[in-house]
Amino acid sequence: MNIADSQIQMTLDLDTGLTDRFRSVKEVVAAGVYRRGLKRCAGDLDVAPGNLSVQLAGDGQRHFDTDLLERYIEVTGDRSPIYYLVARYCGDQGAARDEA
């Protein structure tokens with residue numbers, strides 16, 4: 001990926017503990033939902049609490065999709081799912097080599 005002159009480069013302080021505490025981005029979201037309250041988050045996302053709970057639990061029939069993830073981040077302001085993904089997939093490559 002090339003960064004053009006018109007783009008702004010940003011610096012993130014990665015919380016490597018996110019990848020240690022959670023196995024997936026869905027677990028990060030679930031922790032945030034339950035910390036804020038299932039009923040409150042479900043109302044903010046315009047989803048029934050039971051449906052949201054099943055989606056986050058990983059039921060084979062109902063899935064927590066990316067549109068709902070974006071809405072969750074927008075409505076709650078919780079950026080930890082983004083930080084988790086960045087830490088997991090764009091983390092410090094030098095540190096990964098050192099650990100290996």
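Modeller: Here is a close look at that core and the helices around it. This is a predicted model, where local features need pLDDT of at least 70, side-chain atom pairs count only at pLDDT 80 or more, and totals for chains, interfaces and linings use all residues. Residues are numbered from 1 along each chain as its sequence is written, and side-chain values use heavy atoms, with hydrogens and water left out.

The largest nonpolar core has 14 residues, and V29, V33, L52, L56, F64 and Y72 touch the most other members. (Such a core is a set of buried Ala, Val, Leu, Ile, Met, Phe, Trp, Tyr and Cys residues joined through side-chain atoms within 4.5 Å; buried means under 20% relative accessible area, exposed over 50%, partly exposed in between, with a 1.4 Å probe and protein chains only.) Two or more residues come from each of α2 (25-36), α3 (38-45), α4 (49-57) and α5 (66-76), helices being DSSP runs of H or I, at least four residues, numbered from the N terminus. The most come from α5, which gives four.

Take F64: leaving aside residues up to four places away in sequence, F64 touches K26, V29, L52, Q55, L56, L69 and Y72, where contact means heavy atoms within 4.5 Å.

Now for α2 and α4. On the α2 side, K26, V29, A30, V33 and Y34 meet L52, S53, Q55 and L56 of α4. Their axes come within 9 Å and cross at roughly 145°; axes are lines fitted to C-alpha atoms over the stretch in contact, with angles from 0 to 180 degrees between N-to-C directions.
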